[in-house]
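Here's a quick briefing on how a few pieces of this fold pack together. Have the viewer open and follow along.

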Amino acid sequence: MNNKVDVVILGGGLAGLSLAIQLKRMDPALHIVAIERQQHPVREAAFKVGESTVEIAAHYFGHVLGLREHLDGEQIRKFGFRFFFSDGVEAIDRCSELGVSKLLPMTSWQLDRGRFENFLGERARELGVVFLDGATVKHVDPASDDGLHAVEFERESVATRLEARWLIDAAGRASLLKRKFGLAEDNPHDVNAAWWRVDGIVDPNLWSRDNDWLLRCTPPDRWRSTNHLCGPGYWAWMIPLASGTHSIGIVADGGLHPLEGIKTHALAMAWLREHQPALAKLLDDPRHGVLDFRFLRHFSHGCKQVFSGDRWAITGEAGLFLDPFYSPGSDFIAIGNTYICDLIQRDRAGQPFAPYAGIYQQLIDSFFANTMTLYRDQYALFGDARVMPLKVIWDYTYYWSLLAPLFTGGRIADIAMLGKLRPALDRATSLNIAIQALLRAWNARNDTSSPPQDGRLLDQYLIPWFHELNRALTDPPQDDATFRQRITANVTLMERLALQLLAEARKDHPGIDDAGLSSLLTDVAPGEPLLQAPWVA
């Protein structure tokens, strides 16, 4: 092996192998070495958490990396997100259900992470990446000038030193460069998680014998959704894996549901019997043998810097991680990797790249901060069957209106376009901050002592404009004028939705604090309501 290479990637998991493949597709001549501690092939099913993809990640894996054939043939097509407001209730078919009755146009998948990372390793090697599994990084010496970065590692008892022009940390929570440079950033989002995998598919349709309830999804495959069982301060997930297993997890605000109550399998099951007894009953079936169990305290973290003009970068959980609700982890891998590829491409072309490292740092910091508003201080309202469905609609609308089309439309690194869109993006940010505060105030005034037993389905598929936002993510690239008009129209839609949410909150609580939202909406004409019954009274 040549000891001087173009790119060394520390870590051969989802972030690192995706980056290696993206770089090779961009420039097949690049000499890339990826160093991974785990031996390959890794175990399927009980390997890593983070199995659900959403629209940015789905576009990234399927289109940017060209992996659609594997995803369609070896993973599970996702039936969207689905939410049940079911704290303490065993008869879940009598609880409010939020989801889609049919598949939306934009395809996404549930990933068996072991199976997927095995495939990524094989694909990377096919493209010419030197993928060294079973290797341990011993020392990293980043260059501070135009010199080469140095990495020392050991594999099969052989010590090797590599020198590289570009050094990328994709080592997950080991965070090699973050620790090296002291880049850890405090994050007050105090949420914990416990998760495990079980044999067999855990089918939500076993919760009911009501034929109407069973058949109100076409096909009647609730099991393919990322199913969320929601209550005040927490949510539990159910995610199917293509290896014939199911991922189960509990994510909870540390102040409302301390980690000490869920940090073993026995404790987690006892917690489920209290808060989500219908899921606990399904899991008590001896056919659902437990494959693993893990927990993570205060999982959300930031990073002061992930892109450097000194030719190093950090991607994936080695740098930033928000929250698993809405599954943004792979989205941020897609965005970060795309920026890294652009920096390396500019360097290879002999163009100035350091200024772009600063710009991309500002952008990803902004995306991180704006997305964090969807989660921070919001867990208390997760069990509110009146407010939470409206929050979900708002949060999706915000995502599908701005960040998702920027990525799927190939504009995430288009600095000129982002500059032209700055007023619209700033407007959307202000609206979102005010809406999140309104939702908190609305929930605080509601009586959420027990979830309603109304058995209603809040069907996102039947909202025409919502369906169209999703469909538009599949459009081919647009010219500048058309794309700019699209984003501007999306922000206008957000204004109308915000106005209706404010009216609904005031209908419930006339004196509610609107967090300045009314002043933001002074000149907005309401038009026809965007949400009809049963979403609103």
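Where helix α1 meets helix α2, the α1 side brings Leu-14, Ser-18, Leu-19, Gln-22 and Arg-25, and the α2 side brings Tyr-60, Phe-61, His-63 and Val-64. Sorted by type, the residues of that contact come out as five nonpolar, three polar and one charged. Keep in mind that this is a predicted model.

**How α1 and α2 cross**
- The two axes come within 11 Å and cross at roughly 45°.
- As for handedness, α1 passes α2 in a left-handed crossing.
- A general point for reading such contacts: an α-helix has 3.6 residues a turn, so residues three or four places apart point the same way.

**Helix α1 by itself**
- α1 runs over residues 14-26, which makes 13 residues, and at 1.5 Å a residue they should span 18 Å.
- How many of the 13 residues in α1 are buried? Eleven are, which leaves the helix mostly covered.
- The buried set includes Leu-14, Ser-18, Leu-19 and Gln-22, and those four also take part in the contact with α2.
- Also buried are Ala-15, Gly-16, Leu-17, Ala-20, Ile-21, Leu-23 and Lys-24.

**The α14/α15 pair**
- Helix α14 (residues 464-472) packs on helix α15 (residues 480-508) at an angle of about 150°, with their axes 13 Å apart.
- Because angles over 145 degrees count as roughly antiparallel, α14 is roughly antiparallel to α15.
- This crossing is left-handed.
- From α14, Trp-465, Leu-469 and Ala-472 reach Arg-486, Asn-490, Leu-493 and Leu-497 of α15.
- By type, the residues of the contact split into five nonpolar, one polar and one charged.

**Thr-226 in strand β13**
- Thr-226 belongs to strand β13, which covers residues 226-231.
- Is Thr-226 buried or exposed? Its relative accessibility is 2%, so it counts as buried, the cut-off being under 20%.
- Leaving out residues up to four places away in sequence, Thr-226 touches Ser-52, Lys-78, Gly-80, Phe-81, Arg-82, Gln-110, Met-238 and Ile-239.

How values were computed:
Residues numbered from 1 in each chain as written. Predicted model: local features only at pLDDT ≥ 70, side-chain atom pairs only at ≥ 80, totals over all residues. Heavy atoms only, no water. Helix = DSSP H or I, 4+ residues; strand = E, 2+ residues; numbered from the N terminus. Expected span 1.5 Å × (residues − 1). Buried < 20%, exposed > 50% of the residue type's maximum accessible area, 1.4 Å probe, protein only. Contact = heavy atoms within 4.5 Å. Axes fitted to C-alpha atoms, helices over the stretch in contact; angles between N-to-C directions. Left-handed = near helix turned anticlockwise from the far one by under 90°. Nonpolar A, V, L, I, M, F, W, Y, C, P; charged D, E, K, R; others polar. Parallel < 35°, antiparallel > 145°, perpendicular 65-115°, else oblique.
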